[in-house]
Amino acid sequence: MLDAVPMTVPARTPRTELSAFRQTASTLVAAMTLEEKASLCSGRDFWTTKAIERLGLGSIFLTDGPHGVRKAEGTDFTNSAPATCFPTASALACSWDVELAAEVGAALGQEAQALGVQILLGPGVNMKRSPLCGRNFEYFSEDPRLSGRLAAAHVRGVQSQGVGACLKHFAANNQEFERTTTNSSVDERTLHEIYLTAFEIAVREAAPWTVMCAYNKLNGTFASEHRELLHGVLKERWGFEGLVVSDWGAVQDRVAGVLAGLHLEMPSSLGQNDRRIVLAVQSGALPEARLDELVTELVSVTLCALGRRKPASSYDAKAHHALAKRVAGESLVLLQNQHCLPLDPKRPLRVALLGQFAKAPRYQGAGSSQVKPTQLSDVYSALMALTDGVWQTSYAPGYLPDGSTTDALLDDAARKAKAADVALVFAGLPDSYESEGFDRKNLSLPEGHDRLIQAVAGAQPEVAVVLMNGSAVAMPWASRVKAILEAWLAGQAGGEAIADALVGRLNPSGKLSETFPARLEDTPAFLDFPGQAGEARYGERCFIGYRSYDQRGIAPLFPFGHGLSYTTFAHSGLLLEPASASEAERGVLYTATVTVKNTGSRPGKEVVQLYVGEQNSRLLRPPKELRHFAKVALEAGQSRQVRFELVARDFSYYDARLHDWVIDSGVFQILVGGSSRGALLSETIKLKAERAYPPLTRESMLKEFAEHPQTKASYRPLLERLIALFSGTTDGATETPEQRKAREMAEAFLSELPVWKLPLLSQGKFTEAELERWLEQAGVTAS
Ligand code: BGC
């Protein structure tokens, strides 16, 4: 057992490169007129900020988005400049590869520089609360740690190139239904443990230059006017030094936004909100000092961004395509494989390629993140190139672009499947099923895709399904096919990566970053998603994703963290050790070491996942929560040790009564393995923590006085007196069983009462004056 660990989790405030520009910004702001300052609080047009030429302050260009640079002119989004289209966040997250996310970020940063963009609007770190959110393809995970670490790496990568990243959408923006008006009703603990954590990790670890506030309301207040969120949490708690930009059109009351901490409104409000800011200062409703503070922070970002421009830069489009292919490959999740894949490219196999997505892939999400790729690969051509005439292939489209099908299309596909040795079916979600701007209606694939798979499975026993979709889907045919490869929205090079995996040139190593439910009814937010009457109630609280399936004992179709390989891995020797003195200085409490071995016959990669769960916790907590992970490459037969450092936050939960993170003394289970379910290694740690207590008041219940260090000692005589009054008995050696029972019941009854009610419920036998005296003696002053 360790010495008591500090009860709250220390906050580190990052020092950002922005602070170097603060002084110059402040001098510039001092030279500005009120109108000039107000003018900087909104954009010049759809994508740029205003300049102040007389002071030499330039304008900056902001554009989407997380998976590629979409530099469009004005509102003609279809006509953006070509840029590399990387796999979307839901794919990248399944790589569980933090350094890869940083590489993607750096490549995006280079492309942004080459295209003259100073702020890239991404990454999106909203949690996947329901698989039905239409924009889940743009978000990483249902787990805040995984999302946060990938987002931090993405930000680090983008900003390493002198381009600002923009964490979005802050906060609790987890659905598209009524996305600009809905009120996300989230309790404080859930907000901090689930919905803010990914933002927090990215802000603390990578100091993004900008954060985008969400469209929605949070607990009754629009995010764009939410002072507690934009100032209290983001700035004061986490030390954010950058600027907050509105989501496009998210501003309601601009003056309230300035007071709350919203620096920049986008796009332009055509001058009307600038005028409102000026009037508010003139009328005294908005202190000019507040405006100055905000504009100084905004100008610091502008100066930093302009200072880091690389006007004559370019990027290597071929190298970025190769990176996009590598990312797509690392993100592939082999969900199921009964000795079907990989297929030997050197054997003269008869292979039926079925489904339009083989030739016309779905490879990116619809909406603001849509880019015009520099080139585009498809699986069909990639497989033809790899097998070079060795395979005898056939092709059938199987379904129509809208997802429907006909008997003729199905018959054609089934016939070709039957005549082959193996059938590869390509299915997924078309744009019209999954997009920014609206939610999905259900978990199903289009009917035509499901029917195609069923028809092929009826004609051919060797079937592998390749899926292209941005979020979890239902698979009513799963038990009828041999293999399922989840390829996600794999970006412009996805076709090549999928082909490599199908023929075993690449060994899939992705793991699910979201649970695949067996039924929509099993999903955690089933009753409350997407809400009604303007209210999205987060009734499942912190039990989202695997936290919920674990707690309710529900078996998903495929669990969080799951993913197979063409080789096998074994985890062994989990060892937990108290931190050394130097580790402890860095805040480490324990280290966990585990050995992972490639027990198969091919090189491969395993994602080692470490979960922590508190046993018999004081407040209800998820049975286990992901705290650490590492992706390890291993040759056949090779072993490696992986070491994780466990810090206070890994054991803590957010106590809404203390408004802070706390750890309780207790026993914690450490679980390590290659998935959130299945054979996990398990050890326990006993922690002793200094418990923190909310201040006692007249509203505190009697039981709180019993455990509070301040009143623990003085409480007993009071309790005895009350028990006597309420049960009509006294504590004594000659107590009868009935009397003891009456005393116990009185104690239980009294414990649950706030103390101010005691005089009332004792009908004056315990007087108000007595209570006051006792509270005073106990040092309870506040009421
Ligand atoms: C989206 C943002 C995007 C912005 C600019 C909004 O509709 O929600 O994610 O960055 O448009 O395109």
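Strand S18 (residues 604-615) pairs with strand S23 (residues 666-673) in the antiparallel sense, over seven bridges. This is a predicted model. Leu610 stands opposite Val672 in S23. The two strands belong to an open sheet of four, in the order S19-S18-S23-S24, with antiparallel pairing. At its edges lie S19 (625-634) and S24 (681-687), and each of these pairs on one side only. From one strand to the next, the twist averages 20°.

Now helix H4. It covers residues 98-114, and its 17 residues should span 24 Å at 1.5 Å a residue. The end C-alpha atoms are 25 Å apart, which agrees. Of the 17 residues of H4, 13 are buried, so the helix is largely enclosed by the rest of the structure. At the start of H4, Asp97 places a side-chain oxygen within 3.2 Å of the backbone nitrogen of Glu99.

Helix H24 (residues 768-777) has Glu770, Leu771, Trp774 and Leu775 buried. Seen down the axis of H24, the buried residues fall within an arc of 130°, so they line one face of the helix. The face turned away from that buried side carries Glu776 and Gln777, which are exposed. What covers the buried residues? The cover includes helix H20 (702-707), helix H21 (712-727) and helix H23 (758-761).

Each helix is followed by a glycine with positive phi.

| Helix | Glycine that follows | Phi |
|---|---|---|
| H4 | Gly116 | positive, near 75° |
| H24 | Gly779 | positive, near 80° |

Terms used:
Residues numbered from 1 in each chain as written. Predicted model: local features only at pLDDT ≥ 70, side-chain atom pairs only at ≥ 80, totals over all residues. Heavy atoms only, no water. Pairing = 2+ DSSP bridges. Axes fitted to C-alpha atoms, helices over the stretch in contact; angles between N-to-C directions. Expected span 1.5 Å × (residues − 1). Buried < 20%, exposed > 50% of the residue type's maximum accessible area, 1.4 Å probe, protein only. Polar contact = N/O pair within 3.5 Å; in protein donor to acceptor, adjacent residues only side chain to side chain. Arc of directions from axis to C-beta. Contact = heavy atoms within 4.5 Å.
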